[in-house]
Amino acid sequence: MPTDDHRFGRYFTISIACLVVLALLFPAFDVLSLAGFVNDKTYVLILQDNSEIRPTGGLIGCIGLLTVHDGNVKDLHLAYAYNNSAWTGDVVNMSLPESLTQLYDVDSVRLYDSNVQYDFSSFAPTMLSNVEQITGQKVDGVIAVDFTAVEAIMRITGPISVSGEVITSRNIVDIAHYYSGKSDAGDTAPLINLLSSLALKIVQIAHDASLPVKLDLINAVQQMGAEKHLFFYVPGDPLTADFAGASATPPTDFISVIDMNMGSQKADFGVYRSIDYHVQLLANGSAVANLTIAYNNTCFWDYNLFQTVLVPPDAEIMNATTTAQDFNGPLSTGGANFTAFSTSVTVPANETDTITYLYTLPHVVSSSGVNERYDLYVQKQAGINQYTFNPEVQLPDGARLLASQNAEANQTSTGDIHLEMVYR
Amino acid sequence: MNRKRTITTVAIVAIAIALIAAGFGAFVVTVRPSEDPTYTEAASSIPAAPYTYATNGQVVLRVNNVSDASDPVTAAVWANLSLQAFQEYVDYRALAPSPGEKNLVANITVTNARSAAVPFTYTDFFIVGRDGSAYYANFAVCNLSCSAAALKHQTLPESFTSDLYVLFSVPATADAAKLVYASSPPIVIDLA
């Protein structure tokens, strides 16, 4: 006859075991649910053309609705975004960044131009509700991919024949641009057929692939997510939260450069960015920062840019300069967790121009026991392939550096950078 | 009895190890798809050399030059023609190569060989590297009237003739051995 203590112990063990099993099963159940095994799921699918950079990754080239059922594509309807007679061209009212409304005097945008928020996670909920409102269809999430993500996936799948043409990781961007030109001329069918067929064939190849190739594809998707070339936003879903593209605004020092190509065509694969950051830390924990962003435009045409830099919320601008002859700004605006400096410039063909901001930061150093600690987060913009970061941290007079990470000059990065320094 | 059990255990462990090794081996040696297609020579083709004319009965081709896009003369011609092609909805295409790649530009004179319009697409061109990999065309530009016909409408009208500049992204280490126009039969220009 078991005692109450024994019985309690047994129930407790069973309860813990059940919780563990549930915890292990939840991600699997979540994946099955996202893939449409529980109910059909419909996602807004966006192709962001990152050769024409926008805050969330690139110009919205195509928008579509993707329905999945039991892990397979049930339905895919893509539309060329820049078709004013289609639903993708509807004007939507939304909260626009203050920098944009002030510098360009706009208060509404078309759906295809609505990715002007500072990060994807701010844009995606609005996109979802706008699409639901316009199409009348319930939507479960938003998926966005740019050309760099498509190239990475096609490097694994290999060449794909579509409509008699051989599409590879090397030519997909240009072939899509060629057909988007024809779409601008009024014939949208070739582009839509190309991209729809390509998407379906990639899904089929992934479905039929051997296990090693499947793992390669999963790795590529994870890497593209980490480098902000691929986003997956599902409201309230914890499994996809890392892919939702939220830009952190940590309570330390941070820099987030957000560029918007203002009608300069497909220039951004020919524009090279570098960030020079000189920060002088003071004994009271404040700092003076000198941030210079350089744009080397190797294109044979001018590059028109609207640039916003997000820095800590209590930053105060002291001065701003640019080498560009044609510019507008700077404008300093605020947000809940950041200060935004904005400037629009034109970088002439085959030239390099810089924009420099000099500003103060009241609190960027934290105490770590008897030591002082400085952290800087450089957040890579979605869609940008790579950039150069050149930091220079000047410690307070008499301070001695104890440890540092990612503080070396001329780093080339495809992702975010976390610089840390500990000194006494 | 113990000996029998030991033998059984050893056999099971050996089989398990063999299965795991076989699985790992299969995983390691799994053939992954190559990034670029491999060129397969057609049973019959129309061979040609640079600066000579070759025809498949539909079009006449003459390859005048294949140069690196970083060449200043090539870049200047590309920029000039891009301004004209833009009027026929052909986007500008920057010449900066992606990391690990280079851009080659082939200057090809294209002529309609028939007394009627013929279909044409620049995407039928590809370059074959010395290792046998095929690199399909990326982009093309040409003058205003050529852009309207060959690029926008993908058709060569009767008596059409024009220089076309076709861009190919290839690995930085690749050498172009052949330029192929994928018609039936294909026209194969030996660049060696």
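**Architecture of a two-chain predicted model**

In chain B, 76% of the contacts between residues at least 6 apart in sequence join residues at least 24 apart; two residues are in contact if their C-beta atoms, placed from the backbone, lie within 7 Å. The structure is a predicted model, in which local features need pLDDT of at least 70 and side-chain atom pairs count only at pLDDT 80 or more, while totals for chains, interfaces and linings use all residues. Residues are numbered from 1 along each chain as its sequence is written, and chains are lettered from A and ligands numbered from 1 in the order in which they are written.

Chain B contains 3 helices and 12 strands. Helices (H or I, at least four residues) and strands (E, at least two) are DSSP runs numbered from the N terminus. The radius of gyration of chain B is 25 Å, whereas a compact globule of 192 residues would have a value near 16 Å. This radius is taken over C-alpha atoms, and the globule rule is 2.2 Å times the number of residues to the power 0.38. Along the principal axes, the C-alpha trace of chain B spans about 95 × 35 × 30 Å. Of the 192 residues in chain B, 32% count as buried; a residue is buried if 20 or more other C-beta atoms lie within 10 Å of its own, exposed if 12 or fewer, and partly exposed in between, with C-beta atoms placed from the backbone.

Strand 3 of chain B takes part in two pairings described here. Strand 2 (residues 54–55) of chain B pairs with strand 3 (residues 59–68) of chain B in the antiparallel sense over 2 bridges; two strands count as paired if DSSP finds at least two bridges between them. Within this pairing, Thr55(B) has Val60(B) in strand 3 of chain B as its bridge partner. The hairpin of strand 2 and strand 3 of chain B has 3 residues between the strands, and Gly57(B) adopts a positive phi near 95° there. Strand 3 of chain B also pairs with strand 4 (residues 101–112) of chain B, in the antiparallel sense and over 9 bridges.

Chain A holds 7 helices and 23 strands. Its radius of gyration is 24 Å, close to the 22 Å that the globule rule gives for 424 residues, so chain A is as compact as a globular protein of that length. The C-alpha atoms of chain A fill a box of roughly 80 × 65 × 40 Å along the principal axes, and 42% of its 424 residues count as buried. Of the contacts in chain A with a separation of 6 or more, 65% involve residues 24 or more positions apart.

Chain A is divided into domain 1 (35–243) and domain 2 (253–423), with bounds that come from an automatic or database domain assignment. The centres of the two domains, taken over C-alpha atoms, are separated by 29 Å. Their contact takes 23 residues from domain 1 and 24 residues from domain 2 of chain A. Helix 2 (residues 98–104) of chain A gives the most to the domain 1 side, with 4 residues. The residues of that side divide into 6 nonpolar, 11 polar and 6 charged.

Gly334(A) has its place in strand 15 (residues 326–334) of chain A. Gly334(A) counts as exposed because 12 C-beta neighbours lie inside 10 Å. Although 235 residues apart in sequence, Gly334(A) and Ser99(A) are 8.9 Å apart in space, C-alpha to C-alpha.

Chain A also has an open sheet of 6 strands in the order 14-17-12-11-20-22, with mixed pairing. Strand 14 (316–322) and strand 22 (411–413) of chain A stand at the edges with a single partner strand each, so one side of each is left without a neighbour in the sheet. From one strand to the next, the twist averages 20°. Strand 11 (residues 271–281) and strand 20 (residues 387–394) of chain A run parallel and are joined by 7 bridges. Asp276(A) stands opposite Asn390(A) in strand 20 of chain A.

Conventions:
Axes fitted to C-alpha atoms, helices over the stretch in contact; angles between N-to-C directions. Nonpolar A, V, L, I, M, F, W, Y, C, P; charged D, E, K, R; others polar.
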